[in-house]
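Q: Can you walk me through this model? I'd like to start with the ligand and then look at the helices.

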Amino acid sequence: MLKVEHVTKYYGKNKAVDDLSFTVKEGEIFGLLGVNGAGKTTTFRMINGLLDLSSGSITMDGKPIDYTMTDRLGFLTEERSLLTKLTVKEQVLYYGVLKGMKEETILKRLDEWLDYFQISDYKERKIKELSKGNQQKVQFITAIINEPKLLILDEPFSGLDPINVQMFMDVIRKLKKQKTSIIFSSHRMEHVEMFCEKLVVLLKGKSVLSGELKQIKKEYRKKNIHVVCDAIDVEALKKVKGVLDVIQNENEWIIKIESDENVQDVFDFVKKCKNVTKFAVEDATLNEIFLEKVGESYEN
Ligand code: ATP
């Protein structure tokens with residue numbers, strides 16, 4: 001289990017991470033979210049033992065993380081850091097050996113992953129000759145070649161097409177089943193919603209929202225009602241108790257309400273409209289919650 005306790009990091013006088021605490025259990029997928037400059041990469045580097053903490057502690061299974069633990073860690077950095085003059089095989093061998101693996105094991109696993117990602121033909125090719133997406137696959141393989149206990153994925157899907165995103169997601173789910181702890185950051189909230197059981201949202205290095213995704217959604221009482229019908233008198237609907245906003249999309253209306261308690265009143269209003277074919281109450285999206293929480297804190 002990873003434990004981050006009251007971690008603070010200064011770069012000179014700039015506090016990049018401010019009293020951050022969270023835990024990631026075995027087999028858990030944890031989201032570390034925040035706008036640009038919030039402190040995510042700094043946190044990842046500290047967890048990896050690449051950066052000293054100013055104060056606080058980071059431990060894995062009770063022991064402080066240092067370079068002797070690299071064989072149990074995997075890190076996909078945001079800035080892609082491949083040795084582009086090497087071939088795919090040389091690159092993965094290089095990192096595998098650094099992580100204390102036997103050459104034979106590295107090559108066996110490499111063949112399996114190249115086959116999975118359908119890039120076996122590139123094994124002897126120089127990294128610089130590969131497309132960006134394929135380079136990212138190689139970097140991902142490098143991060144997981146040692147079957148890490150803790151895997152850190154900084155923006156793993158950026159620049160990938162939907163098919164490759166799906167491939168990466170399938171591997172992440174598989175690793176979770178094998179009890180790998182995974183921390184990942186993404187600016188795409190729908191990706192976070194698909195995976196993460198727990199998350200923390202950082203703003204200027206400080207946690208502004210944390211906990212289990214389900215609980216966060218439950219506590220955030222606002223809901224969206226999706227309605228399909230012929231026409232709606234928007235101004236009249238906005239006067240119904242609890243209605244915060246009414247948005248028209250291409251195919252449907254989205255009625256934003258304060259809480260579950262307002263559903264009945266909205267339903268009574270909508271049932272008077274013509275040709276109602278849909279009335280669905282849904283939780284707010286993580287994106288909405290994120291925007292509100294981060295926005296609120298910006299103003300404070
Ligand atoms: P992004 O989403 O843009 O990658 P981030 O959440 O990863 O951002 P960090 O890169 O951790 O954020 O940066 C946090 C803060 O620390 C920022 O104010 C940044 O300018 C500062 N910072 C990051 N690295 C350094 C460094 N090496 N020296 C000085 N300041 C730094």
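Q: How far is a polar side-chain atom of N36 from an oxygen atom of the ligand?
A: The distance is 3.0 Å. Keep in mind that this is a predicted model.

Q: Which polar backbone atom lies 2.9 Å from an oxygen atom of the ligand?
A: That one belongs to G39. A38 also has a backbone N or O atom placed 3.1 Å from a ligand oxygen.

Q: And how much of the ligand's accessible area does the protein cover?
A: On its own the ligand has 640 Å² of accessible area, and the protein covers 61% of that.

Q: Which residues around the ligand come nearest?
A: There are 13 residues around the ligand, and G37, G39, K40, T41 and T42 come nearest.

Q: Which elements each supply at least two residues of the shell?
A: Those are β2, residues 14-24, and α1, residues 40-47. The largest share comes from α1, with 3 residues.

Q: Okay, helices now. How do you describe two packed ones?
A: You give the angle between their axes and the distance between the axes.

Q: Then what are the values for α2 and α4?
A: Helix α2 covers residues 88-98 and helix α4 covers residues 132-144. Their axes come within 9 Å and cross at roughly 25 degrees.

Q: What does that make them, parallel or perpendicular?
A: Angles under 35 degrees count as roughly parallel, so α2 and α4 are roughly parallel to each other.

Q: Is that crossing left-handed or right-handed?
A: The crossing of α2 and α4 is right-handed.

Q: At what angle do α2 and α3 pack?
A: The angle is about 130 degrees, and the axes are 10 Å apart. Helix α3 is residues 103-116. At that angle α2 and α3 are therefore oblique to each other, and their crossing is right-handed.

How values were computed. Residues numbered from 1 in each chain as written. Predicted model: local features only at pLDDT ≥ 70, side-chain atom pairs only at ≥ 80, totals over all residues. Heavy atoms only, no water. Near = heavy atom within 4 Å. Polar contact = N/O pair within 3.5 Å; in protein donor to acceptor, adjacent residues only side chain to side chain. Areas by Shrake-Rupley, 256 points an atom, 1.4 Å probe, with all protein chains shown as cover. Helix = DSSP H or I, 4+ residues; strand = E, 2+ residues; numbered from the N terminus. Axes fitted to C-alpha atoms, helices over the stretch in contact; angles between N-to-C directions. Parallel < 35°, antiparallel > 145°, perpendicular 65-115°, else oblique. Left-handed = near helix turned anticlockwise from the far one by under 90°.
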